[in-house]
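My notes follow the structure.

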Amino acid sequence: MSYLGPKTIIEKKKQFLLPCSYHFYQDPPQLVRGSMQYLYDHTGKQYLDCFAGVSVMNCGHSNPEILQTTLKQMETLQHTTTIYLTEPIVALGERLAHYLPGNLTRSFFCMSGSEANEGALLLAKKATGRMGLIGLEGGLSGRTHLTMSLTGIPMWRTMDDPSPNTYLAKGYGKEPEETASAAMERSLASIRSILEAHPNGIAAVICEPIQGNGGIQVPHVRYFKRLKAMLQEFGALLIIDEVQTGYGRTGKNFAIEHFDVVPDILTSAKALGNGVPIAAFSTTDEIAAGFTSPSASTLGGNPVSAANSLAVLDYLESHQLKERASNLGNLLLEKLTQLQKKHSLISDVRGIGLMAGMEIRTPDGLPAPEAVDRILERMKDAGFLIGKNGIDRNVLAFQPPLVVTKINLLHMMESLETALQKEYASYSPCK
Ligand SMILES: Cc1ncc(COP(=O)(O)O)c(C=O)c1O
């Protein structure tokens, strides 16, 4: 098999794609094959995937058990659109009604996380008759104009031209030295002040249960209970974006379950398809009831994506992947925390399940995005693909496929320690 190779791909990207499409690494590999938790480049080199295509490949790359169903559906009936009756879309709707928390029993299927959030925001406006929407600093809602307006990460807002009636409140992410409790109070007070400034005007708050792109920020355990109560007081809805956190990643079906709260609307995407595009926004009978005007997504929940998602849910359950994420996640966080005690460049370790972040700062306490890039490059050379995120791009993100093994993680930790030692030596040759 002959491959273009990284250099030619970069040249073609420059020539034929928009310049906004960027890539990780100074010396990036060309990835040509995936198998469960591993990826392979054009030279045959194996990498342990520790980012899962940003929390997508929870069941592993080219998972043969899932693909059996997907390919069979492709050969039988590929696409009709929702104006015709087909079985997989209703089977998936019914399955999700049991898989989702509480009384969220109705879903609308679409194609991407941005589209699911856009739909959820529209639903909230229709259900409340109000136009105001609140997002959080440090949150990411998507790439459409409205979802971008509710994204609180400057890098992902792209253009400073927010949609009308959109507001950003303080996020729940901790500042250095701040407690989770203080961050919670700051965020809740900020949301309250927007609600009070717009009596009967705010339809919903949209937020992630753990901010992924914001740097794996985990709120205080009481945050969502208090937020939901506050929103009820003002007649506004809570939209929880589980695009990155859903489908077993944090050790529960959805991360909001760690906070013992059922949102009014829940959005999901990424891991629902395990690499096949599908997304959904899901809600209660009561909230769904007002959405009677016609709406359709041409490819949303088509026979292939719906059958594939049913196989994904089967696989997650039959292989107990959420239990695995919980157990291995505890191990990962324990090992990362041990490393933090040894290396002062690590200013924080946080996360739940197999969604962990490690924040890197200079010895002077400043965000160190260049150090993160060097660590990522060393890890890639050692055969481990790690993610990065955070408002200052200084957080290493560990979100591997949930089929990863304990041995995989221990090997990754050894290489991470070496990569950190090299980085530390560049600041302080004596240590
Ligand atoms: C939390 C969250 N919401 C929404 C999105 C947007 O999803 P998509 O890229 O599928 O449109 C993302 C993408 O990374 C995300 O992480």
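I began at Ile 134, which stands opposite Val 205 in β7. Strands here are DSSP runs (E, at least two residues), helices are runs of H or I (at least four residues), and both are numbered from the N terminus. Two strands pair if DSSP finds at least two bridges between them.

Before going on, I noted the ground rules. This is a predicted model, where local features need pLDDT of at least 70, side-chain atom pairs count only at pLDDT 80 or more, and totals for chains, interfaces and linings use all residues. Residues are numbered from 1 along each chain as its sequence is written.

**β5 and its neighbours**

I counted three bridges between β5 and β7 (residues 202-207), which run parallel. On β6 (residues 166-169) I found four bridges to β5, again parallel. There, Leu 136 stands opposite Ala 169.

Is β5 buried or exposed? Five of the five residues in β5 (132-136) are buried, meaning that 20 or more other C-beta atoms lie within 10 Å of a residue's own, with C-beta atoms placed from the backbone. Gly 132, Ile 134 and Leu 136 are covered on one side, Leu 133 and Gly 135 on the other.

**The whole sheet**

I traced seven strands in an open, mixed sheet, in the order β4-β10-β9-β8-β7-β5-β6. β4 (106-110) and β6 are the edges, each pairing on one side only. Neighbouring strands are turned by 20 degrees on average, direction ignored. Angles use lines fitted to C-alpha atoms, for helices over the stretch in contact, and run from 0 to 180 degrees between N-to-C directions.

Arg 106 stands opposite Thr 283. Helix α7 (residues 180-197) packs on the sheet and touches β5, β6 and β7, at about 155 degrees to β6. Helix α8 (residues 223-233) touches β7 and β8 (237-241), at about 145 degrees to β8. Contact means C-beta atoms, placed from the backbone, within 7 Å.

**Into the core**

Which of its 116 residues touch the most other members? They are Ala 124, Ala 204, Val 205, Leu 237, Ile 239 and Ile 386. Helix α10 (residues 303-318) gives the largest share, nine residues.

Beyond four places in sequence, its contacts include Ala 124, Ala 204, Asp 264 and Ile 265.

Conventions: A residue is buried if 20 or more other C-beta atoms lie within 10 Å of its own, exposed if 12 or fewer, and partly exposed in between; C-beta atoms are placed from the backbone. A nonpolar core is a set of buried Ala, Val, Leu, Ile, Met, Phe, Trp, Tyr and Cys residues joined through C-beta atoms within 7 Å. Two residues are in contact if their C-beta atoms, placed from the backbone, lie within 7 Å.
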